[in-house]
Amino acid sequence: MFWKFDLHTSSHLEALLDKEDVTLSELMDEEDVLQECKAQNRRLLLFLCQDQCMQELVTMITTEPPAGVEETKRFKYPNIACELLTCDVGVINDKLGNEEPLLETLYAFLEQPSPLNPLLASFFSKTIGNLITRKTEQVLNFLRRKEGFLSLVLKHIDTSAMMDVLLRLISCVEPPPLRLETLTWLNEEKLAQRLIELIHPERDEERQSNASQTLCDIIRLSRDQANQLQEISQPDPLLTVLESQESVEQLLQNMFSGERTESCIVNGIQVLLTLLEIRRPGFERSYTVNSSILLAIEPHLRHFHQLLLEPPKRNPMLTTLGVLDEPLGNTRLHVARLVASLLYTSSASHAVVAQELCRLNTMDLLLDLFFKYTWNNFLHLQVELCVAAILRPCTLTETPTSEPSITPENSAHNLMVTHLFQHCHLVQRILEAWEENDKIQSEGGMRRGYMGHLTRIANTVVHNLEKGPVHTQISKLPEDYRGRWETFVDQTLSETNRKNTIDLVGTGNPRPSSEDDMESPFPKELTLQQAFSDYQIQQMTANFVDQFGFNDEEFTDHDDSIGKLMHITKLCTFKLSTCFLQANTAVFEACAKERIQPFDDDEEDIWEEKEINYATQTKSRNR
């Protein structure tokens, strides 16, 4: 039996540790040094925790290795040193976190001139982050005594590893009272304001991008961890500052000061979009957008509108359909995303935003861009979300007398719906674009790239026809357009839905053809984005069905989109595997016949039971 034999060879590491003059480099050259460290090899840990060894390890991860060595080998020792220092072994954490000279050596890395080596910065970030988690109080006390700590981190924010250091301080400090103390310290150091200052046209793009990403992460982390601070009845000081009208106004002033660069505008909008998030994908909890955010944005809507008209200059772009003289650009796409988020936000301040958007005629301009950039589905999605947000039913507030009252929010909803139909001529645009597409296709041309989204917009209008302002606006259409719309809905749109089997509500049922059977396109539990994700998955389902020839019955047990997608994956994997095996069976059999020779009958049977003695062993070895 196998356990009768000692197949374990003695580790060379143990032999090295027996040497009196063994060096740290010799041990780091051993392949199993990390494994032995994590297994808490007592002799190895005693050696590593010597003052000289620990100092050498910290120096390795904070000092540029000598030049002239191949890159793959040049950072070998710093990489192993970082792994040893962060392998989460108690004695190493204690040694590094309790010895101030070691912390000073580690901290000195921040005092180096810019730019930092990104690989060494990642080693520093990983090591200090592990200490923040494991030796929280000791490390925080050390960092708070360093007056220039935050300034040095922000000085090197163009290196992405520095973002991780800040986020560790915000998210990895426990218990909640200590976390609140840390957040208060960072707030007193004006972290939020200083990050906002970095989003400015005069700053380099990398610095702006990392500052923006850090702010977005702080907002999301602070909101996710809000429950922890509720235990001690204290608001998150950083989040309070970031959601304040003053901070949002400062960000907007930076974005529109001096030359308007795409980098500054896009990174600033990313922060605004995060502040306007009411629900994150994968999180059940929803957030209420602070009205101060909307009040700060409203005066600058005219600047965003102007960006749609005159974005930062871009060079012509070669596409598969020809040269695009004036590309849409990331700036205008982000402005469209911002408008969609503003329209989807329910707040008393929403009325102010709605009035300004109507005054500027922003939705009309977005619809112009929708039809101008025929093949830009990123833009088409955002305009569709804008329309869906405007048309979605607005719940009336019940008064003590059980009669619905008109609130500013309801008023804003009615205003936007009226604007969309009377000033933006939504129905007329849908009918004219559809007829134009039919004409192009009848002449042998390509179907317009926006037709899928236009179908969804038309369905959204139909689904909100039963009552409210949408029904009123349809009834006010000129008689010729009203007749054309009714014919379009009953015939063209119904037939298109039947062909596409579009399902906006995620039930897996074909779209009903009659108006009476229509349901709301967006269930209460789904956001607009989630509805669109459902739609994409269902289109993938249809594509897979066509591509692989599945039957509809194979999907009847999977009403939910995710389950359906997983089922598709399994079926496709099985069918592809089957095809692959069938195609290669002949090749495998041919190789097997060619390479595997039959055993000679005279060959000794190695499995035959026989007496083992010295003579037979010698004979076997001589063979």
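Are F371 and Y450 buried or exposed? F371 is buried, and Y450 is buried as well, where buried stands for under 20% relative accessible area, exposed for over 50% and partly exposed for what lies in between (1.4 Å probe, protein chains only). The model is a predicted one, in which local features need pLDDT of at least 70 and side-chain atom pairs count only at pLDDT 80 or more, while totals for chains, interfaces and linings use all residues. Residues are numbered from 1 along each chain as its sequence is written, and side-chain values use heavy atoms, with hydrogens and water left out.

**View 1. The aromatic pair of F256 and F304.** Rings of Phe, Tyr and Trp (its six-membered ring) are paired if their centres lie within 6.5 Å, and planes under 30 degrees apart count as stacked, over 60 as edge-to-face and the rest as tilted; by this rule the count comes to 10 aromatic pairs. F256 and F304 form an edge-to-face pair, with 5.1 Å from centre to centre and 80 degrees between the planes. The pair links distant parts of the chain, 48 residues apart, since F256 lies in the loop between α19 (245-255) and α20 (262-275) and F304 in helix α22 (residues 301-309); helices here are DSSP runs (H or I, at least four residues), numbered from the N terminus. F256 is buried at a relative accessible area of 11%, and F304 is buried at 3%.

**View 2. The aromatic pair of F371 and Y450.** The ring centres of F371 and Y450 are 5.2 Å apart and their planes stand at 85 degrees, so this pair is edge-to-face. F371 belongs to helix α25 (residues 362-372) and Y450 to the loop between α28 (426-442) and α29 (451-463), so the pair ties together parts that are 79 residues apart in sequence.

**View 3. A ring cluster and a charge at Y107.** Ring pairs link Y107, F142, F149 and W185 into a cluster. The charged end of K146 sits over the ring of Y107, 5.1 Å from its centre, the rule being that NZ of Lys or CZ of Arg is within 6 Å of the ring centre and within 35 degrees of the ring normal.

**View 4. Helix α24 and the residue that follows.** Helix α24 (residues 350-360) is mostly covered, with eight of its 11 residues buried, among them H350, E356 and C358. N361 follows α24 and has a positive phi, near 60 degrees.

Methods. Helices (H or I, at least four residues) and strands (E, at least two) are DSSP runs, numbered from the N terminus.
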